[in-house]
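Let's take a walk through this structure, one stop at a time. Have the sequence and the 3D view open as you read.

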Amino acid sequence: MYSSSQTIQLQQQTSTLLQSINENQFDTGAIQQLRNIIRFHEYRYYVQADPLISDSEFDRLYAQLKKTETQFPNLVTADSPTQRVGHGLTKNFPAVQHLVPMLSLENGYNEADLINWDRKVRELSGEQNIQYSIEPKFDGASISLIYENNLLLRGATRGNGVTGDEITTNIRQIKSIPLSANFSDYGIQQIEIRGEVLINKSTFQKFNDERAAAGLPPLANPRNAAAGSLRMVDPNEVAKRGLEAFLYHVSDVTTLPGQPLTPLLQSHHNTLKLLWQLGFRSPEKEATTVNGIEDVIDYCKTFEEKRDDLDYEIDGMVIKVDSLTLQEKLGMTTHHPRWAIAFKFKARQATSKLTAVEFQVGRTGSITPVAKIDPVYIGGVTVTSVSLFNEDVIREKDLKIGDTVLVERAGDVIPYIVKSMAEIRQGNEAEIIFPDNCPVCATPLHKPTGESAWRCMNPACDAQVLERLIHFVSKGGMDIKSLGESNIRRFYEMGLLSTIPGIYQLNYFEIAQLGGFGPKSIENLKVAIEASKSQTLNRLIFALGIRYVGETTAKTLANAVNNLLDLQHFNIEKLMQLEDIGPKVAGSVYEFFHTPENLHMLHQLKDAGLQFENEKKTTGNDVLHGQTFLFTGTLNKLKRSEAEQMVEDAGGKIVSGVSSKLNFLIVGDDAGSKLEKAKKMNSVKIISEDDFLQMLNSR
């Protein structure tokens, strides 16, 4: 979905935004960029199981977005990460719906956060003496299990929180998960249990030692190894990974006919005891209950001091209201339960030596310096490379070759250099010389006014051409599955592919002579390339790799025209009249559609049969024309993105928040503040999901 250059660029933007957030200087004009960055990190976390920032950094980004949208409701968009639980699923396993959504937890990082959360709990519950249950926050991969009539019926990944990947066969390979348990002894017919799959530190080290002995590369860290194992196709390989599972939450229970609910399901801590008694590895031994938030804080501090003594990775503690009756009273938002909070431990740091700096060229020509450091083990990962983002970072941090540097890493995140240890320099350290010319094509570099990155301005630079090709075929673009990054690089290096239109003119006879390309592979490649011709206009625009144009902006541009080539007639002022397009984006789009080489490429793509028409503007299906819609809460029959697409396909418009511009608010389960606000406005009609579907079918 994201090329290597995009990844580096988004990491750079992430660092910049985190710095502005930490300094309380976040500009609301960057809210769309913030949304795009959060989506990127959601993709890395939930789909790839390979996050690039720590949970605490992601939480700060999410908290800033939520805070900004709360302060400025008119800035809320229907596709904002705050309007859903999560997004994106892998395709390797069938999707299944959880009985109860797997929501994220609110996060706290210090005593003040916990005290504030406790205050809200007491205010909402009307209780002053709250008993809390505390347990470790395991750093693994979330799972959901369903048992029916005592037998394991289904196992699933968290997925997007509403649906996950069905992985029952792989779950059965985990010996700490019983294939059957005597739930009927407690009057339970069906139960949904949540937990975490992990690999303990010693097992992980042994597994990597065996891989090294066999000449195989080591796995990065225990959590990614666990998450990746759950998606392996061969269950025999899963069994070799030594996976373990902690089960810590009962989300749904159906009792046997005529049977009352067991008293053990009246408090969270007793629920852990029940699971332990039934043969599950619950954190019953690690958990405790305390009265009041001060004791919670003391226990968290004590546990943090001994985290390294554990044989498994944890990144914090989870605090829950112990009474399940009180939990039900407190309820939840669309994003997190009000009765629980995750207290995150401090980031991990280590020192190393900066030995060299390499300069990489991205899709748009941006030059990214990457520091090479002596291998250092931080938080379960051996780190050897650290992105320095741009020249300004090098100068601000006063970095030199040979410096001892402080490297920080919290959880599973590409690390960053906190500072250099200038006070212990020996005098033989060398300045980091930023190149004057592109390291790939030797073109003189240029630094546009107001930007921090140097750029290679040669669009024919091999590095840029290659990255543009990789981006074009990526999942978010034309999604040509059989033409992934490795094949793109291979074809490019062999001279079989050099331009984007060349994808539709590949010489299959020559490809068939290559190793690994039999008749079936060739046929799959042909089918995938042919199918990409029918991708929607907004996906084509995104795939073109126009600077600053993400998926949302691509949709905005597509909706503004009947045909892609119409954009060559838009001046900057007209582009800026489009939603969420400012001068920088408008300038980039204008430049792209007024560059002869780009227009020539577009005509080649058009001749190849790609979809240049905006089908939504030409279908004439306008049963909702002139009406505005907004969805809130969890829908039961439709995905949020699917419902919004139905509105747009029928000529309606999705708005970002409850205001006088809104005609219909469609309300799902666990609706929050939008519903309350809409109730106070006579102009907004509040309808259910079924009402919405009936509206579409009856017009």
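**A guided look around**

Start with a pair of strands: E21 (residues 628-632) and E23 (residues 664-667) pair in the parallel sense, over four bridges. Bear in mind as you look that this is a predicted model. To find your place in the pairing, pick out Phe629, which stands opposite Phe664 in E23.

Take helix H1 (residues 4-22) and helix H3 (residues 55-71): their axes come within 10 Å and cross at roughly 65°. Angles of 65 to 115 degrees count as roughly perpendicular, so H1 is roughly perpendicular to H3. The crossing of these two helices is left-handed.

Which residues of H1 and H3 make the contact? On the H1 side you'll find Thr14, Leu17, Leu18, Ile21 and Asn22, while H3 brings in Glu57, Arg60, Leu61 and Gln64. Sorted by class, the contact of H1 with H3 has four nonpolar, three polar and two charged residues.

Let's finish with two single residues. First up is Arg154, in strand E5 (residues 151-157). Is Arg154 buried or exposed? Its relative accessibility is 16%, and the cut-off for buried is under 20%, so Arg154 counts as buried. Leaving out residues up to four places away in sequence, Arg154 touches Val96, Gln97, His98, Ser144, Leu145, Ile146, Glu166 and Thr168. For a sense of scale, Arg154 and Pro501 are 347 residues apart in sequence, and their C-alpha atoms are 46 Å apart in space.

The other residue is Thr556, which you'll find in helix H18 (residues 551-559). Thr556 has a relative accessibility of 18%, so this residue counts as buried. What does Thr556 touch, not counting residues up to four places away in sequence? The answer is Leu578, Glu579 and Ile581.

Note on methods. Residues numbered from 1 in each chain as written. Predicted model: local features only at pLDDT ≥ 70, side-chain atom pairs only at ≥ 80, totals over all residues. Heavy atoms only, no water. Buried < 20%, exposed > 50% of the residue type's maximum accessible area, 1.4 Å probe, protein only. Contact = heavy atoms within 4.5 Å. Axes fitted to C-alpha atoms, helices over the stretch in contact; angles between N-to-C directions. Parallel < 35°, antiparallel > 145°, perpendicular 65-115°, else oblique. Left-handed = near helix turned anticlockwise from the far one by under 90°. Nonpolar A, V, L, I, M, F, W, Y, C, P; charged D, E, K, R; others polar. Pairing = 2+ DSSP bridges.
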